[in-house]
Amino acid sequence: MSDFGRFFGFCCRLVRGAVVACLCYVSAAAAHEVRPAYLQIDQTGPNRYSVIWRTPLLSGMRLPVALRFSDEVKNVTQPAERELPDSIVERRVVETTKGNLAGERVEFVGLQATITDVLVRAHLLGQPVSTTLVRPSRPWVDVATQPGRLDVAKTFVVHGIEHILLGYDHLLFVLALILIARNWRALLLTVTAFTLAHTITLTLATLGFVHIPGPPVEAAIAFSILLLACEIIRIHNGQTSLTQQRPWLVAFAFGLLHGLGFAGALADLALPVGDIPLALLFFNVGVELGQLIFIAAVIAAVGFARLLKYPPLVGRTAFLTTTYGIGTMASFWFVERLAAF
């Protein structure tokens, strides 16, 4: 094994604990089980608004979050619920005695006890659409009077970064690509090919040109990670393969698959058609930034490892342990997602 590979092996020992923690975290759910809630407010008259409140179902259970307006907001029609396979959609019409919701606070009672975000889209008459991502740590939103031009960009860039950094299956796939790429040139080509591929399918799927059901895609993503783990072991044992000779081709092929998984994150938001192109652009930017953050963290750990003195056996053991850990997690996800069909 080259020095580069040993350095990555040492780095893997540092993150092995995080990998085990991820396995415990997802023991009862898929890697992308936590989906955001969605609130849409559209002004239809001088003091009247259409409200759509969508909450995800987590393992068949409704998200324990309630929507609360101020006392000045009254229901014109009672909330009407519709249960979908992955969420519950509530529709109602409200009106406000103040004449306008601008500046009003909307609270999400119970959100602070979850790990779910809420995407809020508000469109007031005569004003541009405002888009805000609400966190559990701050479970309310003030309806913007004059939304800034960068609001949408910021919201979806952050959503893209969070999606990739909390998407443990995608991160493990990137880590596996790093372990396969034994020099900097191969690493650059491999990551570039993966980025290009998942950008293509993310765009096609989000715009509606390609449609593949989510469960098969998620199962196939888990299987792709398992295949890479097997390839790493083969390469470690001195066997040659296409993955070793041209890792960028394998990264491109599997990247097309992972792009379909990324598209599911935008589909979960059920955005209006007119919002999709801009959301797609900035969400993809966020995904790429999140991926670069992860790769930079791994490279930084490698740089730190180069300053240390450790026996070669430590690096080899860590390399194999991490590879088998990746394969074990991928196998678990694959079987779990197949069983969920």
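The model is a predicted one, so please read each value as computed from its atoms.

**Helix 3 against helix 4**

Let us start with helix 3, which covers residues 168-180, and helix 4, which covers residues 184-206. The two pack with their axes 9 Å apart and at an angle of about 150°. Angles over 145 degrees count as roughly antiparallel, and helix 3 and helix 4 are therefore roughly antiparallel to each other. The crossing of helix 3 past helix 4 is right-handed.

Which residues make the contact? Helix 3 brings Phe173, Val174, Leu177 and Ile178, while helix 4 brings Leu187, Thr190 and Phe194. Sorted by class, this contact of helix 3 with helix 4 holds six nonpolar residues and one polar residue, with no charged residues.

**Helix 7 against helix 8**

The second pair is helix 7 (residues 247-267) with helix 8 (residues 276-305). Here the axes lie 11 Å apart and the packing angle is about 125°. That angle makes helix 7 oblique to helix 8. Helix 7, too, passes its partner, helix 8, in a right-handed crossing.

On the helix 7 side, the contact is made by Phe262, Ala265 and Leu266. Helix 8 answers with Ala279, Leu280, Phe283 and Val287. By class, the contact of helix 7 with helix 8 has seven nonpolar residues, and neither polar nor charged ones.

**Salt bridges**

How many salt bridges does a search of the whole structure find? The search finds twelve.

| Asp42 | Arg121 | 3.3 Å |

Take Asp42 and Arg121, which form a salt bridge. This pair links distant parts of the chain, with Asp42 in strand 1 (residues 37-43) and Arg121 in strand 9 (residues 118-123), 79 residues apart. Are these two residues buried or exposed? Buried means under 20% relative accessible area, so Asp42, at 19%, counts as buried. Arg121 is buried as well, with a relative accessible area of 9%.

Arg48 sits in strand 2 (residues 48-58) and Glu95 in strand 7 (residues 87-96), so that the pair links distant parts of the chain, 47 residues apart. Arg48 is partly exposed, with a relative accessible area of 35%. Glu95 is partly exposed too, with a value of 28%.

Asp169 has a relative accessible area of 0% and is buried. Arg337 is buried at 5%.

Finally, there is a group to look at beyond simple pairs. Asp117, Arg135 and Glu162 are linked in a network of salt bridges.

Terms used: Residues numbered from 1 in each chain as written. Predicted model: local features only at pLDDT ≥ 70, side-chain atom pairs only at ≥ 80, totals over all residues. Heavy atoms only, no water. Axes fitted to C-alpha atoms, helices over the stretch in contact; angles between N-to-C directions. Helix = DSSP H or I, 4+ residues; strand = E, 2+ residues; numbered from the N terminus. Parallel < 35°, antiparallel > 145°, perpendicular 65-115°, else oblique. Left-handed = near helix turned anticlockwise from the far one by under 90°. Contact = heavy atoms within 4.5 Å. Nonpolar A, V, L, I, M, F, W, Y, C, P; charged D, E, K, R; others polar. Salt bridge = Lys/Arg side-chain N within 4 Å of Asp/Glu carboxyl O. Buried < 20%, exposed > 50% of the residue type's maximum accessible area, 1.4 Å probe, protein only.
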